[in-house]
Amino acid sequence: MEKKGERYDTVTYTTTLSDGYRKKGKMTEAHKLRGVMEATGNKPNVYTYASLIHGELLSGNSAEALELFNEMKQKGIIPNVVTYRTTIFGLSK
């Protein structure tokens with residue numbers, strides 16, 4: 001994804017993940033991008049996880065969404081109100 005001489009940060013990766021993959025339902029690619037993000041030293045944040053969780057819920061993958069939610073908490077990332085709302089609303093469908 002990165003061009004020669006450019007370094008992307010967590011915000012760039014999260015925006016690409018959200019706008020480029022999640023909104024199009026391409027969750028496999030979104031997870032691959034998260035792997036690239038981590039491999040380049042960019043740590044996922046609450047927004048990264050919220051986007052992945054939302055995408056999994058929209059795709060009908062509630063088990064994966066819940067797994068991501070728990071993974072986020074295990075990594076010490078504190079869910080915000082949007083993450084809780086998205087997760088609870090998505091799991092209740």
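Leaving aside neighbours within four places in sequence, which residues is Leu-52 in contact with? They are Leu-17, Met-27, Ala-30, His-31, Arg-34 and Leu-68, where contact means heavy atoms within 4.5 Å. Before we go on, note that this is a predicted model, in which local features need pLDDT of at least 70, side-chain atom pairs count only at pLDDT 80 or more, and totals for chains, interfaces and linings use all residues. Residues are numbered from 1 along each chain as its sequence is written, and side-chain values use heavy atoms, with hydrogens and water left out.

Leu-52 also leads us to the largest nonpolar core, which has 17 residues; such a core is a set of buried (under 20% relative accessible area, 1.4 Å probe, protein chains only) Ala, Val, Leu, Ile, Met, Phe, Trp, Tyr and Cys residues joined through side-chain atoms within 4.5 Å. Leu-52, Ile-53 and Met-72 have the most contacts inside this core. Helix 3 provides its largest share, five residues. Helices here are DSSP runs (H or I, at least four residues), numbered from the N terminus.

Now follow helix 3 (residues 46–58) to helix 4 (residues 62–74): their axes, lines fitted to C-alpha atoms over the stretch in contact, come within 7 Å and cross at roughly 165 degrees. The two helices are therefore roughly antiparallel, a label for angles over 145 degrees. Among the residues that meet here are Leu-52 and Ile-53 in helix 3 and Leu-68 and Met-72 in helix 4.

Finally, visit Thr-83 in helix 5 (residues 81–91). Thr-83 is buried, with a relative accessible area of 1%. Beyond its neighbours within four places in sequence, Thr-83 is in contact with Val-46, Ala-50, Ile-53, Phe-69 and Met-72.

Methods:
Axes fitted to C-alpha atoms, helices over the stretch in contact; angles between N-to-C directions. Parallel < 35°, antiparallel > 145°, perpendicular 65-115°, else oblique. Buried < 20%, exposed > 50% of the residue type's maximum accessible area, 1.4 Å probe, protein only.
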